[in-house]
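Colleague: I would like to go through the labels used for this model and the cut-offs behind them. Please take them one at a time.

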Amino acid sequence: MPGGSNPEGAAAAAGAAAAGRRLQTEFATERDWDQFHKPRNLLLALVGEVGELAELFQWKPDGGPGPLSWSEAERGALGEELSDVLIYLVALASRCHIDLPQAVLAKIETNRRHYPVHLARGSSCKYTELPREDIQKAESFGPAPGATECAPVSRGAEEPN
Ligand SMILES: Nc1ccn([C@H]2C[C@H](O)[C@@H](COP(=O)(O)OP(=O)(O)OP(=O)(O)O)O2)c(=O)n1
(Lines give C-alpha, C1' and ligand atoms only; values in the text may rest on other atoms or scores of the structure.)
Protein backbone atom coordinates (compact mmCIF):
# COMPACT_ATOMS: atom_id res chain seq x y z
CA MET A 1 0.00 0.00 0.00
CA PRO A 2 1.47 3.41 -0.85
CA GLY A 3 2.38 5.20 2.36
CA GLY A 4 3.13 1.92 4.09
CA SER A 5 2.33 1.69 7.76
CA ASN A 6 1.87 5.45 8.21
CA PRO A 7 -0.46 6.73 5.48
CA GLU A 8 -1.38 9.83 7.51
CA GLY A 9 2.29 10.76 7.82
CA ALA A 10 2.86 10.24 4.10
CA ALA A 11 -0.20 12.32 3.25
CA ALA A 12 0.96 15.11 5.58
CA ALA A 13 4.42 15.07 4.00
CA ALA A 14 2.89 15.20 0.52
CA GLY A 15 0.70 18.13 1.60
CA ALA A 16 3.70 19.98 3.04
CA ALA A 17 5.69 19.43 -0.16
CA ALA A 18 2.80 20.72 -2.27
CA ALA A 19 2.46 23.82 -0.06
CA GLY A 20 6.23 24.41 -0.24
CA ARG A 21 6.15 24.16 -4.02
CA ARG A 22 3.30 26.70 -4.26
CA LEU A 23 5.05 29.17 -1.94
CA GLN A 24 8.39 28.82 -3.76
CA THR A 25 6.69 29.31 -7.16
CA GLU A 26 5.00 32.46 -5.81
CA PHE A 27 8.30 33.69 -4.32
CA ALA A 28 10.15 33.27 -7.63
CA THR A 29 7.36 34.58 -9.86
CA GLU A 30 6.84 37.84 -7.95
CA ARG A 31 10.61 38.54 -8.31
CA ASP A 32 10.65 37.60 -12.00
CA TRP A 33 13.19 34.90 -11.13
CA ASP A 34 11.72 32.09 -13.21
CA GLN A 35 14.20 33.12 -15.89
CA PHE A 36 17.05 32.15 -13.50
CA HIS A 37 15.46 28.92 -12.28
CA LYS A 38 16.24 26.56 -15.13
CA PRO A 39 16.79 22.93 -14.06
CA ARG A 40 20.58 23.24 -14.30
CA ASN A 41 20.58 26.42 -12.18
CA LEU A 42 18.37 24.85 -9.54
CA LEU A 43 20.49 21.70 -9.45
CA LEU A 44 23.68 23.71 -8.91
CA ALA A 45 21.97 25.83 -6.26
CA LEU A 46 20.83 22.61 -4.56
CA VAL A 47 24.37 21.21 -4.58
CA GLY A 48 25.68 24.51 -3.18
CA GLU A 49 23.22 24.33 -0.29
CA VAL A 50 24.16 20.70 0.38
CA GLY A 51 27.73 22.02 0.66
CA GLU A 52 26.60 24.64 3.19
CA LEU A 53 24.83 21.90 5.12
CA ALA A 54 28.02 19.80 5.08
CA GLU A 55 30.01 22.78 6.40
CA LEU A 56 28.05 22.60 9.65
CA PHE A 57 29.33 19.06 10.21
CA GLN A 58 32.76 19.10 8.61
CA TRP A 59 35.03 19.96 11.56
CA LYS A 60 33.03 18.33 14.31
CA PRO A 61 35.27 15.85 16.13
CA ASP A 62 34.60 12.12 15.92
CA GLY A 63 32.72 11.08 19.02
CA GLY A 64 31.66 14.66 19.78
CA PRO A 65 28.09 15.61 20.61
CA GLY A 66 25.66 15.11 17.71
CA PRO A 67 23.22 17.72 16.35
CA LEU A 68 20.81 17.15 19.23
CA SER A 69 23.41 18.74 21.55
CA TRP A 70 24.47 21.59 19.30
CA SER A 71 24.02 25.20 20.40
CA GLU A 72 20.79 27.01 19.59
CA ALA A 73 22.60 29.04 16.90
CA GLU A 74 24.00 25.92 15.26
CA ARG A 75 20.65 24.20 15.34
CA GLY A 76 19.08 27.29 13.80
CA ALA A 77 21.65 27.17 10.99
CA LEU A 78 20.96 23.44 10.56
CA GLY A 79 17.25 24.14 10.11
CA GLU A 80 18.01 26.88 7.57
CA GLU A 81 20.38 24.78 5.47
CA LEU A 82 18.03 21.78 5.48
CA SER A 83 15.27 24.14 4.35
CA ASP A 84 17.38 25.60 1.53
CA VAL A 85 18.13 22.08 0.29
CA LEU A 86 14.45 21.15 0.38
CA ILE A 87 13.33 24.39 -1.27
CA TYR A 88 15.68 23.92 -4.21
CA LEU A 89 14.86 20.21 -4.46
CA VAL A 90 11.13 20.91 -4.60
CA ALA A 91 11.69 23.70 -7.15
CA LEU A 92 13.85 21.43 -9.30
CA ALA A 93 11.25 18.67 -9.27
CA SER A 94 8.52 21.14 -10.16
CA ARG A 95 10.57 22.65 -13.00
CA CYS A 96 11.15 19.12 -14.34
CA HIS A 97 7.42 18.31 -14.03
CA ILE A 98 8.10 15.54 -11.55
CA ASP A 99 5.30 14.99 -9.04
CA LEU A 100 7.62 14.72 -6.07
CA PRO A 101 5.12 13.56 -3.41
CA GLN A 102 3.91 10.82 -5.75
CA ALA A 103 7.49 9.93 -6.75
CA VAL A 104 8.56 9.70 -3.11
CA LEU A 105 5.71 7.34 -2.24
CA ALA A 106 6.55 5.15 -5.24
CA LYS A 107 10.25 5.13 -4.31
CA ILE A 108 9.48 4.11 -0.74
CA GLU A 109 7.54 1.16 -2.15
CA THR A 110 10.56 0.26 -4.29
CA ASN A 111 12.79 0.52 -1.21
CA ARG A 112 10.46 -1.81 0.70
CA ARG A 113 10.72 -4.33 -2.12
CA HIS A 114 14.51 -4.04 -2.30
CA TYR A 115 14.95 -4.36 1.45
CA PRO A 116 12.45 -6.88 2.90
CA VAL A 117 12.51 -6.66 6.69
CA HIS A 118 13.38 -10.34 7.14
CA LEU A 119 16.53 -9.90 5.01
CA ALA A 120 17.60 -6.34 5.74
CA ARG A 121 16.91 -5.89 9.44
CA GLY A 122 20.14 -4.97 11.25
CA SER A 123 22.19 -5.10 8.05
CA SER A 124 23.76 -2.25 6.07
CA CYS A 125 24.14 -4.35 2.93
CA LYS A 126 23.20 -2.88 -0.43
CA TYR A 127 20.12 -4.71 -1.71
CA THR A 128 22.13 -6.34 -4.48
CA GLU A 129 24.24 -8.01 -1.79
CA LEU A 130 21.44 -9.35 0.38
CA PRO A 131 20.99 -13.14 0.30
CA ARG A 132 17.68 -13.10 -1.56
CA GLU A 133 17.37 -16.21 -3.71
CA ASP A 134 13.64 -15.87 -4.45
CA ILE A 135 13.43 -12.10 -5.01
CA GLN A 136 16.68 -12.18 -6.93
CA LYS A 137 15.13 -14.47 -9.49
CA ALA A 138 11.90 -12.50 -9.66
CA GLU A 139 13.57 -9.14 -10.25
CA SER A 140 16.72 -10.28 -12.05
CA PHE A 141 18.94 -8.63 -9.44
CA GLY A 142 22.10 -10.49 -8.68
CA PRO A 143 25.15 -9.68 -6.70
CA ALA A 144 27.87 -8.03 -8.71
CA PRO A 145 30.38 -10.59 -9.97
CA GLY A 146 32.89 -11.22 -7.23
CA ALA A 147 30.88 -9.28 -4.64
CA THR A 148 31.40 -10.41 -1.08
CA GLU A 149 28.53 -10.73 1.33
CA CYS A 150 28.46 -7.81 3.74
CA ALA A 151 28.31 -8.34 7.45
CA PRO A 152 25.23 -7.56 9.52
CA VAL A 153 25.53 -4.38 11.56
CA SER A 154 26.07 -4.93 15.24
CA ARG A 155 23.81 -2.53 17.12
CA GLY A 156 26.30 -2.23 19.99
CA ALA A 157 29.09 -1.12 17.68
CA GLU A 158 27.40 1.99 16.27
CA GLU A 159 29.67 5.02 15.85
CA PRO A 160 28.55 8.23 17.56
CA ASN A 161 27.57 10.83 14.94
N1 LIG B 1 17.83 32.99 -7.16
C2 LIG B 1 17.39 32.58 -5.95
C3 LIG B 1 18.03 32.98 -4.78
C4 LIG B 1 17.55 32.53 -3.56
N5 LIG B 1 16.49 31.71 -3.51
C6 LIG B 1 15.97 31.21 -2.24
C7 LIG B 1 16.06 29.70 -2.11
C8 LIG B 1 16.89 29.44 -0.88
O9 LIG B 1 16.04 29.04 0.19
C10 LIG B 1 17.50 30.78 -0.52
C11 LIG B 1 18.95 30.87 -0.93
O12 LIG B 1 19.38 32.19 -0.69
P13 LIG B 1 20.93 32.59 -0.74
O14 LIG B 1 21.48 32.29 -2.07
O15 LIG B 1 21.00 34.00 -0.26
O16 LIG B 1 21.63 31.57 0.25
P17 LIG B 1 21.53 31.43 1.83
O18 LIG B 1 20.12 31.71 2.30
O19 LIG B 1 22.10 30.07 2.11
O20 LIG B 1 22.44 32.60 2.41
P21 LIG B 1 23.94 32.42 2.97
O22 LIG B 1 24.75 31.98 1.80
O23 LIG B 1 24.30 33.79 3.47
O24 LIG B 1 23.86 31.38 4.04
O25 LIG B 1 16.72 31.77 -1.19
C26 LIG B 1 15.86 31.35 -4.68
O27 LIG B 1 14.86 30.62 -4.66
N28 LIG B 1 16.33 31.77 -5.88
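**Labels and cut-offs**

Modeller: Gly20 lies in helix 1, where helices are DSSP runs of H or I with at least four residues, strands are runs of E with at least two, and both are numbered from the N terminus. This is a predicted model in which local features need pLDDT of at least 70 and side-chain atom pairs count only at pLDDT 80 or more, while totals for chains, interfaces and linings use all residues. Residues are numbered from 1 along each chain as its sequence is written, and side-chain values use heavy atoms, with hydrogens and water left out.

Colleague: What makes Gly20 partly exposed?

Modeller: Its relative accessible area is 30%. Buried means under 20%, exposed means over 50%, and partly exposed is in between, with a 1.4 Å probe and protein chains only. Gly20 is therefore partly exposed.

Colleague: Why does His37 count as buried?

Modeller: The relative accessibility of His37 is 13%, so the label is buried. His37 lies in the loop between helix 1 (7-29) and helix 2. Leaving out residues up to four places away in sequence, His37 touches Gln24, Ala28, Leu42 and Arg95, a contact being heavy atoms within 4.5 Å.

Colleague: And why is His97 called exposed?

Modeller: His97 has a relative accessible area of 74%, so it is exposed. His97 sits in the loop between helix 3 and helix 4 (100-114). Its phi is positive, about 55°, although His97 is not a glycine. Most residues other than glycine have a negative phi. Asp32, in the loop between helix 1 and helix 2, also has a positive phi, near 55°.

Colleague: How do you know that helix 2 is roughly antiparallel to helix 3?

Modeller: The axes of helix 2 (residues 39-58) and helix 3 (residues 72-95) come within 9 Å and cross at roughly 160°. That angle makes helix 2 roughly antiparallel to helix 3. Angles under 35 degrees count as roughly parallel, over 145 as roughly antiparallel, 65 to 115 as roughly perpendicular, and the rest as oblique. The axes are lines fitted to C-alpha atoms, for helices over the stretch in contact, with angles from 0 to 180 degrees between N-to-C directions.

Colleague: Which residues of helix 2 and helix 3 meet?

Modeller: Among them are Leu42, Leu46 and Leu53 in helix 2, and Leu78, Val85 and Leu92 in helix 3. The residues of this contact divide into 17 nonpolar, no polar and five charged. Ala, Val, Leu, Ile, Met, Phe, Trp, Tyr, Cys and Pro count as nonpolar, Asp, Glu, Lys and Arg as charged, and the others, Gly among them, as polar.

Colleague: What makes up the largest nonpolar core?

Modeller: Eight residues: Leu42, Leu46, Leu53, Trp70, Leu78, Val85, Ala91 and Leu92. A nonpolar core is a set of buried Ala, Val, Leu, Ile, Met, Phe, Trp, Tyr and Cys residues joined through side-chain atoms within 4.5 Å. Helix 3 gives the most to this core, with four residues. Leu92 touches Pro39, Leu42, Leu43 and Leu46, not counting residues up to four places away in sequence. Apart from this core lies another, of five residues, including Leu119 and Tyr127.

Colleague: How many helices and strands are in the chain?

Modeller: Six helices and zero strands. Of the 161 residues, 20% count as buried.
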